[in-house]
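Here is a colleague's note to read beside the model. Please keep the sequence and the 3D view open while you go through the points.

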Amino acid sequence: CGIGLFLKEITKRDVMGYAIDLSMEAVLRARLNVSRFDFMIQKRDFWQLTEKYQWLFCFELLEHLPDPVAALKKFHDLLFSNGVLVISVPAHKEYWTKADESSGHLRRYDEHQLVGEIEEAGFKIERIKCYGCPWLVMIHYLTKWLDRNKEQCSDPFPGGPAGYTRYMLLPKWVRFIVRFFLYPLYLLSTGNDRGTGYVVRCRRV
């Protein structure tokens, strides 16, 4: 569940759910972000899950795992027949920085690698989108410059998505420019493959 940014949005809708994270700090932050008390948020390992679900959301996890295909197969087992999995991962090996290292990433994905792993686990991909161009790409190069001026780029938001972490490391005035001036460029640039992450919707077959 990370620090609850996605949960904060999805709990505004009339849905029930269950969110987990290995980081207790992330769980506590997520509980602060989610006001609904009927939405359970717990510290738990997804490998221990046995319940079946119609929808699974897995953001910024596979890049941390030594065997991501095994994790995808576990998600396949947790879904009902025809159930849907939505995942996100960081994109493009050439975007690797110290922020990836400090976040515990083992890899960044190219599209063909990600598609291969998802299909190997038994899913049919319905939609794949590369996001973050151009504004997160600009943040990437800004934080790369910051990396050269720091011995280590620590993560002040453990359990949070890496893109958000890098964004929050920037000075406030840079964040203001990104939010109010570069976002229209982001909307115009959707659909290309030069962003900093992939979002995939796939279905159990």
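The points below go from the sheet and its helices to single residues and aromatic rings.

1. Some ground rules come first. The model is a predicted one, in which local features need pLDDT of at least 70 and side-chain atom pairs count only at pLDDT 80 or more, while totals for chains, interfaces and linings use all residues. Residues are numbered from 1 along each chain as its sequence is written, and side-chain values use heavy atoms, with hydrogens and water left out.

2. Four strands make up an open sheet in the order E3-E4-E6-E5, and their pairing is mixed. Strands (E, at least two residues) and helices (H or I, at least four residues) are DSSP runs numbered from the N terminus, and two strands pair if DSSP finds at least two bridges between them. Strand E3 (53-59) and strand E5 (123-131) are at the edges with a single partner strand each, so one side of each has no neighbour in the sheet. From one strand to the next, the twist averages 10°, an angle that, like the others here, is taken between N-to-C directions on a scale from 0 to 180 degrees, with axes fitted as lines to C-alpha atoms, for helices over the stretch in contact.

3. E5 and strand E6 (residues 197-204) run antiparallel and are joined by eight bridges; in this pairing, Ile128 stands opposite Val200 in E6. Helix H3 (residues 68-78) packs on the sheet, where it touches E3, strand E4 (79-90), E5 and E6, and its direction makes about 145° with that of E4. Helix H5 (residues 111-120) lies across E4, E5 and E6 and runs at about 155° to E5. Contact here means heavy atoms within 4.5 Å.

4. His76 belongs to helix H3 and is buried, with a relative accessible area of 12%. The word buried means under 20% relative accessible area, exposed means over 50%, and partly exposed lies in between (1.4 Å probe, protein chains only). If neighbours within four places in sequence are left aside, His76 is in contact with Ala121, Gly122, Phe123, Arg204 and Val205.

5. Which residues does His92 touch, not counting those up to four places away in sequence? They are Arg108, Tyr109, Asp110, Cys130, Asp193, Arg194, Gly195 and Tyr198. His92 lies in the loop between E4 and helix H4 (98-102), and its relative accessible area of 3% makes it buried. Although His92 and Gly197 are 105 residues apart in sequence, their C-alpha atoms are 7.8 Å apart in space.

6. The backbone of His92 also deserves a look, as its phi is near 70°, a positive value in a residue other than glycine. Asn82, placed in strand E4, likewise has a positive phi, near 75°, and is partly exposed at 42% relative accessible area.

7. The whole structure holds six aromatic pairs; rings of Phe, Tyr and Trp (its six-membered ring) pair if their centres lie within 6.5 Å, and planes under 30 degrees apart count as stacked, over 60 as edge-to-face and the rest as tilted. The rings of Phe6 and Phe59 are edge-to-face, because their planes stand at 80°, with centres 4.9 Å apart. This pair links distant parts of the chain, since Phe6 is in helix H1 (residues 5-10) and Phe59 in strand E3, 53 residues apart. Phe57 and Phe59 form a tilted pair, 6.1 Å centre to centre with 50° between the planes. Ring pairs link Phe6, Trp55, Phe57 and Phe59 into a cluster.
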